[in-house]
Structures are given as structure tokens and as C-alpha cells.
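Student: I would like to work through this structure by asking about it piece by piece. Could we look at it together?

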Amino acid sequence: MTLLEVTGLTKRYAGLTALDRVSFAVSEAEILGLFGPNGAGKTTCFHCLSGFAVPDGGRVVFDGRDVTGWPPHRLAQAGIARTFQIVRPFRNLTVLDNVLVALGHRRYERLGALLGTWRGREPRRRALGILERVGLAAEADRMAGLLPLGMLKRLEVARALALAPRLLLLDEPFGGLAAEETAALAALVADLRAQGLTVVLVEHQMRVAMALVDRVVVLDHGALIAAGPPDAVRGDARVVEAYLGTDAVARGH
Amino acid sequence: MYVYTVATLLGIYCILTLGLNTITGIAGQISLGHAAFLGIGAYTAAILTVRHAWDFWPALLAAVAVTAAAGALVGAAAIRVREDFLAITTMGVNFVVVAVFLYFPFFGGAFGIGGIPAPSWPGGSLGKPGLFLLVLAGVLLALGVNLWLLRSWVGLALLATREDEDAARAAGVNVRRFKIVAFTVGTALAGLAGSFYAHFLTFISPEDFGFAFSITILCMLVFGGIGTNRGAILGAGVLGVLPELFRPLADYRMLTYGAILLLMMRWAPHGLLGDESALWRALARRRGAP
């Protein structure tokens, strides 16, 4: 079943077409790799899906609902969670409280937000459960600003999971991680997919990413140039060209 | 009686720093125009009681409501601007409000409004001790509002907004709405203080609510420890009482406050009792190891 359907997605920045009529679909419980060289439009696409950019054209349909142009907090409440490539923890809150912010996502729109408390035992128990899944339970009461990068990357995932999402958008989750940290995080992502979560993964570290994804969409200069299973895309002539730049060589630049 | 006068003034400062703490300390939205909201509250209360013969209490409610509405408007403007631009915007709001008080005859011009009646209680007017108790109740109310907020999910959303707006949005926080909430609550408290201030002084004029006073309030908050309610109260208490204890200091008040602000920013950015201040951490350690 299709969970996310992107049709003709277009985004322009001051004359530059960052995304040019890109269409693809993501099925439930699959990991889709969103790949392409620098400046291909991956980040723009990511922003359009998470609400941080409003597309100039095209549609995004999530779970049968047209969510095109929705603001980030509404998408988060609707079940699309994202992580940040450059980690953005709430530095002066504890690791646990970082997760609690996202756990409250259903309450912020209601007057009940004034009545309930986030300092109770029940919210703490649920947040600890999420921290356990990403292996951060031992750090729960530390200030988030004091954690090393590897842990902050996992905190990004924990915060996203606290939204109880159906679709998880991961923006270069493996960047800057040591080998064993990468392996642990990759195992976690595979595990989440096994539990039925759908993932869109933007990643530069091809070796990890290719092993993880079910299907790949490749962008170049804002346009979709290839889509399919990893093995098929790996051999695609246009993909090789986009990454190695043979056209640039041929034109004598 | 002099003691009551000083204590009442300190109480009003406390309500102001607590309100500013909601906006700047908890929600992280810098405001350099808090005195303007004190002024809006004071003028509302003064005009209603002096010219329209309203009773003290309904005028107080009106002062809070009008000020909160003005605060909500500024909060809505704060959606578009961040950090240093917000500082300049709120500063501009302060100058505009003072100019309106000064140039529109409706507000009494440079002479302001005098003859503001003493607050009344069912059964008679309140004396100085009575007014002090009323202001004290106001301080407790302001403290209660902030403690309630911090305990609720709204408070967590405000803290997240302070820490990182984009991350907060990604976590499902409607950052725009919560900025308006913070400004509305914080300025409503300033409106409360404004009503007390008008009835306490019985005479108000535009220069009472200038930019310099906004900086004074911010200075008190930073001195005590921005982000914490104990810091807000301590800062208002200490810096409010200093000019009374050292009369010569009163003439150099702004110089002193400016110097304190600079020194604190350089060597103790968490204030005297902020969560990360040396003093508070030492106290926390002692409590932790009995």
C-alpha cells in the first residue's frame, strides 16, 4: 500500500529550479533512499516533505490526505517525523525532556495542554521507553547539550519516534559517526522498518545506505533521473554520469 | 509607612520581572519594551478610574485585558522576527507607546494623569499596608502563573521554542501560537503591575514608562538569574532596594544598572540564582549531599 505519494513536486529559489516536477511513491514499511550528488535537490525535497519549505507546484499525499504546504508542526502531529542532518537538540533541557517535547505533540493543540503536566510518572515512563529503544536510557537525566555527536544523532531519532510517526524522514543520520555507531544506528533503522515503520533516507554514505534501502530514487539538478531497487540503479548510466560527472568532462569544463 | 512604600514598589518590580521572565526567560523571546506594557496597564486603570469613575477592581481587570491584547499583537509581530530584530522591534514599541502617551491629549500629554484614587476594598479604601498586601497577592499570583505554566505542557512547548524553534516545530509545537501565548501572559502580568503602579503613585506621566525602565527590568531579571522565578524575585528585590539603601546611588541608577548588566553578561551570565549559576549549583550540591 502506498503511504506517501509525491506528484510533480516543484520548488524554485530566485530563478533556480531546485526541484523540477519530481514524482515518486513510498510504500508502507519500506525504506526508500533519496540519493543524488550535492545540490541535486535532496534537501529541498526533504524540506518540502517535512513542511520546512512550501512547494511551488505539485502535490504531496500522505496516507490518502493532501498535505501539500502544511506547516511542520501539523505534519509532525499527522505522523511525519523528521531528523536534522546537523543535530538540533534542546541543549538546556535533559535528554528525557527532549523526548517529552515530542511526546506532547497531541496535546499542544488543545486546552488540555494547560491542565496536564509533563512532569508526571507516566510521561517519564513513556519517554524512557523510547530512549531505551535508541540506547540512550542511561543518559536520560543529562543535559542534552553535553552529549557527544553519536548520542545526539540517536536523540534525533528518539525525538522523531516520540511522535509515533508512520513515516520517518532521516536526513543523513550516519554523517560524522564512527563505524560501530553507524552499524548500531543502521540496525535500529532496519528494526524500525521490521516493525512496520516507513522510512525515507537521505544519505551520503553509500555503503551503509545501499545495504539498508529497499528502493532508491536518484535526483540530479532537481530532476528525478532514476528509480528502482538499489542494484538496478547502481548500474544506471545516468546515475553513474551524475555522480562521476562524465558530461562535465565531455563539455571540457 | 516608608517601609510599606518601598515594599510595595519592590512587589511591583517583582510582578514585572516575573512577567518578563515568562516572555524572555521561559519562551526565549527577547523584549526590550516591557515598561511600555506597564504603561498601557497604568494608563488604562488611570483613565477608567479618574475619568469614568470606574471602581478599582473592574478597572484592574480592564487594565490586564487591554495590556494582554497589546501584548498579543506584539507577539504576533514577533512571529516574523527573531532575536536581535525582535529586540529592536520591542524597543521600537516602547518608544511608540511613550510617544503616544506624550502627544495625544487624550492621555494627558507630558503632565500625565493625576488624582488616581486609592484602591478600594468592599467597605472602604485600602491604606498603605492594605495596598502592600494586595501587591503581595499579585506577586504570588504572578509566581503561580509561571509555576503553573512551567508544569503544564504549554510550558514545555515554550521551553522548546526558546531552545530551538525549528526543532520545536519538527516536534509538533506550533511555535507561532506559543510565542503569542508567552507575550500575552507576560504582558498581562505587566498590566496587573500597571494598575497597582497607577493607584500606588496616584499620578502617572509618560516618562515613567520609558526605554530606560525596560532596561532596568531586564537588568533585574538578568542579575537574579534569567529563566528562573527565584531569580526574577531576587533580582527585583536586590536591585530595587539598592537605590533606597544608598541614596547617592539613586542619581547614578542607570549607570549602575548598565555596569551590572555588563559585568553579569561577562562573568555570570546565569545571574545569581540561575540554574547554571555557581551559587545555585553549590546550593544544589549541598541539598543533594546532606
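Student: How many of the 13 residues of α5(A) are buried?

Tutor: In this predicted model, local features need a pLDDT of at least 70 and side-chain atom pairs count only at 80 or more, while totals for chains, interfaces and linings use all residues. Residues are numbered from 1 along each chain as its sequence is written, and chains are lettered from A and ligands numbered from 1 in the order in which they are written. A residue is buried if 20 or more other C-beta atoms, placed from the backbone, lie within 10 Å of its own, exposed if 12 or fewer do, and partly exposed in between. By that count α5(A) is mostly covered, and its number of buried residues is 11.

Student: Which elements of chain A do the buried residues of α5(A) pack against?

Tutor: Helices (H or I, at least four residues) and strands (E, at least two) are DSSP runs, numbered from the N terminus, and two residues are in contact if their C-beta atoms, placed from the backbone, lie within 7 Å. The buried residues of α5(A) include M151(A), L155(A) and L161(A). Their packing partners in chain A are β6 (80-82), α3 (95-103), α4 (121-133), β7 (167-171) and α6.

Student: Where does A29(A), with its positive phi, lie?

Tutor: Phi of A29(A) is near 60°, which is a positive value in a residue other than glycine. A29(A) is partly exposed, with 17 other C-beta atoms within 10 Å. Its position is the loop between β2 (16-27) and β3 (31-35) of chain A.

Student: Why is α2(B) described as largely enclosed by the rest of the structure?

Tutor: One neighbour of α2(B) is helix α3 (residues 56-78) of chain B, which packs with it at an angle of about 145°, their axes being 8 Å apart; axes are lines fitted to C-alpha atoms, for helices over the stretch in contact, and angles run from 0 to 180 degrees between N-to-C directions. α2(B) is called largely enclosed because the buried ones among its 17 residues number 16.

Student: Are α1(B) and α5(B) roughly parallel or roughly antiparallel?

Tutor: Helix α1 (residues 2-26) and helix α5 (residues 128-151) of chain B pack at an angle of about 15°, with their axes 9 Å apart. Angles under 35 degrees count as roughly parallel, over 145 as roughly antiparallel, 65 to 115 as roughly perpendicular and the rest as oblique. The two helices α1(B) and α5(B) are therefore roughly parallel.

Student: Which element gives the largest share of the side of chain B that touches chain A?

Tutor: The contact takes 19 residues from chain B and 28 residues from chain A. On the side of chain B, the elements that give two or more residues are α6 (153-163) and α7 (165-170). The largest share, 7 residues, comes from α6(B).
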